[in-house]
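Let's take a friendly walk through the charged pairs and helix packing of this protein. Keep the sequence and the 3D view at hand as you read.

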Amino acid sequence: MPPRRRLSPAERRAQLLDVAARLFAALPYDEVLMEEVAERAGVSRALLYQHFPNKRDLFAALYREVSEQLLAQTRLDPADTLVEQLTQGLDAHIGYFAENRNTVLAANRVLAGDRLVQTIITGELDALRERLLGVLPLADDTTREAVSGVLKSWLVFVQVLCVDWLTHETCTRTELRDVCIGAVVGALRPLLDEDPAPDWPRRPRGDRATGQPGDRVRRPTGP
């Protein structure tokens, strides 16, 4: 066990979450052991359990941090076009998903029935929906209500599509992102007086993007 460093409670919590982030990203949820988190952090199991009573609580705290960080990276600026804003936000999310496959699958598959973890995910989706409502040209409350319903369904669609992509890669990251953008642009056009993305699609139909090297998420080698 590495020598224990004297840290404040906040610093120790941050250190434990950093160690947990690496383990949950590297291993399936069921293979992450609290004992290993404690060992890698250089603390006793008793100290770890003082901060996080069980593995579910540790994961939930980590995923709450992840959600807050992704929200912070999702820049929605009315000065940018809708497509520019969606591209930036989706690239941040898809990039994290691809680099932390096990963490995302744990939250959306292994812990799909866990109320706390799902509340964190729902909270992030609701925050994203409110941000999008704030930058769209909404004529009145009736339009806002209709658009809000579309965005709520679209965000769930994106969540499910991205999680499926992690387990069964069928396209590049760029193609995945553009499918998500195209879906919401097409859904919003009938509801808005002004076309939210007049230049979309950016490619002629049938011109399939090839993507860039490294776009594809690494397939799991295990069962």
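In this predicted model, the side chains of Glu36 and Arg40 join in a salt bridge, with 2.9 Å from N to O. Both residues belong to helix H2 (residues 34–41), where they sit four residues apart, about one turn of the helix. Glu36 is partly exposed, because its relative accessibility is 24%, a value that falls between the 20% limit for buried and the 50% limit for exposed.

Side chains of opposite charge can pair when their charged atoms come close.

| Salt bridge | N to O distance |
|---|---|
| Glu36 and Arg40 | 2.9 Å |
| Arg56 and Asp57 | 2.9 Å |
| Arg109 and Asp164 | 2.8 Å |

Arg56 has a relative accessible area of 28%, so Arg56 counts as partly exposed.

Now turn to Arg109 and Asp164, whose side chains meet in a salt bridge at 2.8 Å, N to O. This pair links distant parts of the chain, 55 residues apart: Arg109 lies in helix H6 (residues 101–110) and Asp164 in helix H8 (residues 141–167). Arg109 is partly exposed at 40% relative accessible area, and Asp164 is also partly exposed, at 36%.

What does Val163 touch, leaving aside residues up to four places away in sequence? Its contacts are Val104, Leu105, Asn108 and Arg109. Val163 is found in helix H8, and with a relative accessibility of 5% this residue counts as buried. Between Val163 and Val104 there are 59 residues of separation along the chain, yet their C-alpha atoms are 7.4 Å apart.

Helix H8 also has a part in covering another helix: what covers the buried residues of H9 includes helix H5 (82–99) and H8. The buried residues of H9 are Glu175, Leu176, Arg177, Asp178, Cys180, Ile181, Val184, Val185 and Leu188. How does the span of H9 compare with expectation? Helix H9 (residues 173–188) has 16 residues, so at 1.5 Å a residue the helix should span 22 Å, and its end C-alpha atoms agree with this at 23 Å apart.

Notes:
Residues are numbered from 1 along each chain as its sequence is written. This is a predicted model: local features need pLDDT of at least 70, side-chain atom pairs count only at pLDDT 80 or more; totals for chains, interfaces and linings use all residues. Side-chain values use heavy atoms; hydrogens and water are left out. A salt bridge is a side-chain nitrogen of Lys or Arg within 4 Å of a carboxyl oxygen of Asp or Glu. Helices (H or I, at least four residues) and strands (E, at least two) are DSSP runs, numbered from the N terminus. Buried means under 20% relative accessible area, exposed over 50%, partly exposed in between (1.4 Å probe, protein chains only). Contact means heavy atoms within 4.5 Å. The expected span of a helix is 1.5 Å times one less than its number of residues.
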